Amino acid sequence: MIELARPVKCPICSQYGLREDMILENRRYYHKEYCYERFKKEQEATRIENEQWDELYQYIIKFHDLVTLSVANITRLKHLRAGFEYKKGKKIRKWRTGPDYALMLEAYRLSEKNNLYAMSSKIGDWNDVNQVNYTISTMVGHLNDAWKIRQNKKKQLEAEKRVERQESKKDQSLPNKNTYNKRDDLDISDFL
């Protein structure tokens with residue numbers, strides 16, 4: 001009796017396909033054409049996001065001289081990253097629509113002086129959860145500044161690339177001044 005191959009479902013597009021036409025990775029089947037490439041891009045984005053989260057986490061721990069962050073502080077940072085939308089009075093969680101962790105780290109560094117002053121004067125005796133929560137709040141206040149700095153750096157890099165391309169075009173299009181023919185009035189070769 002010949003056994004027919006049972007179709008499997010692709011987790012990216014939710015469409016069924018034959019195993020022979022799909023790629024197996026992590027015990028899941030992906031379509032070769034589009035879905036596998038999309039899966040790889042999402043996997044790379046997740047890896048980058050995890051590295052950024054680790055940098056932010058380590059910075060906060062070092063800044064506050066802690067062993068670990070509390071669940072409440074971690075949840076607040078994760079919720080900020082996820083982004084939330086309110087529809088009909090209900091809080092709906094989104095996926096990666098808030099500021100990324102690298103931007104949060106930049107904002108934390110911008111607010112570092114304010115946070116150090118506040119820790120030495122205002123919030124010195126507070127418990128760790130409230131202290132970190134306060135610094136997260138000041139960091140949120142600096143997110144727009146960090147975003148503007150990031151955009152300005154991006155514009156500056158684009159302008160530098162544009163100038164380099166224009167200079168390379170100029171270098172190619174300029175005639176060499178030393179290659180023109182020098183006419184000599186006493187040269188009789190034109191008459192011969």
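**Figure 1. Lining of the largest pocket by residue class.** In this predicted model, the residues that line the largest pocket divide into 4 nonpolar, 2 polar and 5 charged. The lining is made up of Thr46, Glu49, Asn50, Trp53, Lys78, Arg81, Ala82, Arg93, Trp95, Arg96 and Tyr101. Two elements give two or more residues each to this lining: helix 1, residues 35-64, and helix 2, residues 71-82. Helix 1 gives the most, with 4 residues. The space in the largest pocket comes to about 150 Å³.

**Figure 2. The pair Cys13 and Cys35.** How many disulfides does the structure hold? The count is 0. Cys13 is in no disulfide, and the nearest cysteine sulfur, that of Cys35, is 3.6 Å away. A disulfide is a covalent bond between the sulfur atoms of two cysteines. Cys35 has a relative accessible area of 3%, so Cys35 is buried.

Figure 3. His31 belongs to strand 4, which covers residues 28-31. Is His31 buried or exposed? At 14% relative accessibility, His31 counts as buried, because buried means under 20%. Leaving aside residues up to four places away in sequence, His31 touches Cys10, Cys13, Gln15, Tyr16, Gly17, Met22 and Tyr36. One of these contacts, Cys13, is also shown in the view of the cysteine pair, where the nearest cysteine sulfur to Cys13 is that of Cys35.

**Figure 4. Tyr108 in helix 3.** Tyr108 lies in helix 3, which runs over residues 101-110. The relative accessible area of Tyr108 is 0%, so this residue is buried. Which residues does Tyr108 touch, not counting residues up to four places away in sequence? They are Leu56, Tyr59, Ile60, His64, Asn115, Val132, Thr135, Ile136 and Met139. Tyr108 and Ile60 are 48 residues apart along the chain, and their C-alpha atoms are separated by 8.6 Å.

**Figure 5. Asn115 in helix 4.** Asn115 is found in helix 4, made of residues 112-121. Asn115 has 0% relative accessibility and therefore counts as buried. Not counting residues up to four places away in sequence, Asn115 touches Phe63, Tyr108, Thr135 and Thr138.

**Figure 6. The chain behind the close-ups.** The secondary structure of the chain comes to 6 helices and 6 strands. Read from the N terminus, the order of the elements is β-β-β-β-α-α-β-β-α-α-α-α. The chain has 192 residues, and 27% of them are buried. Of the contacts with a separation of 6 or more, 45% are between residues 24 or more positions apart. The accessible surface of the chain is about 15200 Å², and carbon and sulfur atoms account for 51% of that surface.

How values were computed: Residues numbered from 1 in each chain as written. Predicted model: local features only at pLDDT ≥ 70, side-chain atom pairs only at ≥ 80, totals over all residues. Heavy atoms only, no water. 1 Å grid on protein atoms, 1.4 Å probe; cavity = no way out; pocket = protein on both sides within 12 Å on 5 of 7 lines; lining within 4 Å. Points joined across faces, edges and corners; volume = space filled by probe spheres on them. Nonpolar A, V, L, I, M, F, W, Y, C, P; charged D, E, K, R; others polar. Buried < 20%, exposed > 50% of the residue type's maximum accessible area, 1.4 Å probe, protein only. Contact = heavy atoms within 4.5 Å. Areas by Shrake-Rupley, 256 points an atom, 1.4 Å probe, with all protein chains shown as cover. Disulfide = S-S within 2.5 Å.
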